[in-house]
Amino acid sequence: RKRKKASKQLVDLMGPGGSVGIPAPIQGTIISIQVSAGDQVAVGMPLIVMEAMKMEHHLAAPVAGRITSISAQAGELITEGHIVVTVTPSEPLDES
């Protein structure tokens with residue numbers, strides 16, 4: 001089976017075991033967490049809703065896989081770049 005080519009952005013965010021960290025795009029408050037550790041997600045599935053500058057920002061899954069960890073709670077203020085969710089891809093990503 002052919003491996004999917006990982007984007008440069010995903011390669012930069014790869015962690016242990018090929019997991020992918022999903023960072024907060026902006027400093028803001030976590031409004032809701034729509035997944036739990038262990039959940040299976042599809043590409044584009046909504047994971048987190050944040051509020052910043054009175055606007056909602058939706059974080060979506062960049063890859064299909066399993067939620068490995070969630071490092072935020074509803075109501076928590078998160079800084080830009082903080083990894084809020086980690087996903088282990090269901091298929092290995094080609095880093096080249």
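I take buried as under 20% relative accessible area, exposed as over 50%, and partly exposed as in between, with a 1.4 Å probe and protein chains only.

I am working on a predicted model, in which local features need pLDDT of at least 70 and side-chain atom pairs count only at pLDDT 80 or more, while totals for chains, interfaces and linings use all residues. Residues are numbered from 1 along each chain as its sequence is written, and side-chain values use heavy atoms, with hydrogens and water left out.

**Entry 1: the sheet.** I took strands as DSSP runs of E with at least two residues, numbered from the N terminus, and counted two strands as paired if DSSP finds at least two bridges between them. I found an open sheet of 4 strands, ordered β6-β5-β3-β8, with antiparallel pairing. Its edge strands are β6 (55-60) and β8 (77-78), each of which pairs on one side only. I recall that strands of a sheet pair through backbone hydrogen bonds, either parallel or antiparallel.

**Entry 2: the partners of β3.** I looked up β3 (residues 28-33) and noted 4 bridges to β5 (residues 46-52), in the antiparallel sense. Towards β8, I noted 2 bridges, again antiparallel. On that side, Thr-29 has Leu-77 of β8 as its bridge partner.

**Entry 3: Val-49.** Which residue stands opposite Val-49 of β5? I found Ser-32 there. Val-49 counts as buried because its relative accessible area is 5%. For contacts I required heavy atoms within 4.5 Å.

**Entry 4: Ile-33.** I then turned to Ile-33, which is found in strand β3. Ile-33 counts as partly exposed because its relative accessibility is 28%. Leaving aside neighbours within four places in sequence, I list its contacts as Leu-47, Ile-48, Ile-70, Ala-72, Gln-73 and Ala-74. Between Ile-33 and Val-85 I noted 52 residues in sequence and 9.7 Å in space, C-alpha to C-alpha.

**Entry 5: the core.** I defined a nonpolar core as a set of buried Ala, Val, Leu, Ile, Met, Phe, Trp, Tyr and Cys residues joined through side-chain atoms within 4.5 Å. The largest has 18 residues, of which Leu-47, Ile-48, Val-84 and Val-85 touch the most other members. β2 (20-23), β5 and β9 (83-89) each supply at least two residues of this core. With residues up to four places away in sequence not counted, Ile-48 touches residues including Ile-30, Leu-59, Val-84 and Val-85.
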